Amino acid sequence: MFLPLYSAAVVLNTEAFADIYTMNLIRTPFRYTYRNVIVLIAAACLLILLLTMVSPAMYRLLALTPLLTIRARMYWQVFTYQFVHGSFWHLFSNMLGLLIFGTAVERKIGSREFLLFYLLTAALCGIAACT
């Protein structure tokens, strides 16, 4: 009976070590800074909205169209679509949500990690939409 308990303890310690090692390997955080990246994201979205209102052709180039992304090789759309909005109210509602939820997340994890999180999740969602 002593041997199975000892084996379980070794397995648990090995798993704990593996978890700590994996987290240190994967999570190499940036030095914490809080620079209010949300304002930069909102400004970029507003600038793109004004640009697409002036030139509707820019909307077609920047918005995510999976067929064009794959067949016409417009791969930048996977990244640029996150800044494109259809109207002022669409932009306003998204930026309100970003202000409410994004501010808390940015304060918790820092500006650099929040920006990386924001851009990476949006790009991965764009890639998933194209598959």
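The protein has seven helices and zero strands. Along the sequence, this gives the pattern α-α-α-α-α-α-α. What you are looking at is a predicted model, and every value below was computed from it. Of its 131 residues, 26% count as buried. Take the contacts between residues at least 6 apart in sequence: 69% of them join residues at least 24 apart. As you turn the model, then, keep an eye on partners that come from separate parts of the chain.

Let's begin with helix 2, residues 37–54. How well does the span of helix 2 agree with its 18 residues? At 1.5 Å a residue, helix 2 should span 26 Å, and its end C-alpha atoms are 26 Å apart, which agrees. Now look at which of its residues are hidden. Val37, Ile38, Ile41, Cys45, Ile48, Leu49 and Thr52 are buried. Seen down the axis of helix 2, these buried residues fall within an arc of 120°, so they line one face of the helix. There is a simple idea behind such a pattern: an α-helix has 3.6 residues a turn, so residues three or four places apart point the same way. On the other side of helix 2 you will find Val39, Leu40, Leu47, Met53 and Val54, which are exposed. Leucine 46 also has its place in helix 2. With a relative accessible area of 39%, leucine 46 is partly exposed, because that value falls between the 20% and 50% cut-offs.

What do the buried residues of helix 2 pack against? Their partners are helix 3 (56–62), helix 6 and helix 7. This brings us to the largest nonpolar core, a group of 15 residues. Helix 2, helix 6 and helix 7 are the elements that give two or more residues to this core, and helix 2 gives the most, with six. Within the core, the residues with the most contacts are Ile41, Cys45 and Leu98.

Leaving aside its neighbours within four places in sequence, leucine 98 is in contact with Ile38, Ile41, Thr103, Phe114 and Tyr118. Ile38 and Ile41 are among the buried residues of helix 2, while Leu98 is one of the buried residues of helix 6.

Now follow helix 6 itself, which runs through residues 88–109. Its 22 residues should span 32 Å at 1.5 Å a residue, and its end C-alpha atoms are 29 Å apart, which agrees. Helix 6 has a kink of about 40°, centred on glycine 102. Gly102 is buried, as are Leu91, Met95, Leu98, Thr103 and Glu106 in this helix. The cover over these buried residues includes helix 2 and helix 7 (111–130).

The model has five aromatic pairs in total. One of them joins phenylalanine 88 and tryptophan 89, edge-to-face, at 5.3 Å centre to centre with 75° between the planes. Tryptophan 89 also pairs with phenylalanine 92: the ring centres are 5.6 Å apart and the planes lie at 85°, so this pair is edge-to-face. Tryptophan 89 and phenylalanine 92 are three residues apart in helix 6, about one turn of the helix. Through such ring pairs, Phe88, Trp89 and Phe92 are linked into a cluster. Is tryptophan 89 buried or exposed? At 59% relative accessibility, tryptophan 89 counts as exposed. Phenylalanine 88, at 46%, is partly exposed, and phenylalanine 92 is partly exposed at 42%.

Finally, visit two loops. Most residues other than glycine have a negative phi. Asparagine 36 is not a glycine, yet has a positive phi of about 60°. Asparagine 36 sits in the loop between helix 1 (2–26) and helix 2, and is partly exposed at 31% relative accessible area. Arginine 73 is not a glycine either, and has a positive phi of about 55°. Arginine 73 lies in the loop between helix 4 (66–71) and helix 5 (77–80), where it is exposed, with a relative accessible area of 62%.

Note on methods
Residues numbered from 1 in each chain as written. Predicted model: local features only at pLDDT ≥ 70, side-chain atom pairs only at ≥ 80, totals over all residues. Heavy atoms only, no water. Phe/Tyr/Trp six-rings, centres within 6.5 Å; stacked < 30°, edge-to-face > 60°. Buried < 20%, exposed > 50% of the residue type's maximum accessible area, 1.4 Å probe, protein only. Helix = DSSP H or I, 4+ residues; strand = E, 2+ residues; numbered from the N terminus. Expected span 1.5 Å × (residues − 1). Bend = angle between axes of the 7 residues up to and from the residue. Contact = heavy atoms within 4.5 Å. Core = buried A, V, L, I, M, F, W, Y, C linked by side-chain atoms within 4.5 Å. Arc of directions from axis to C-beta.
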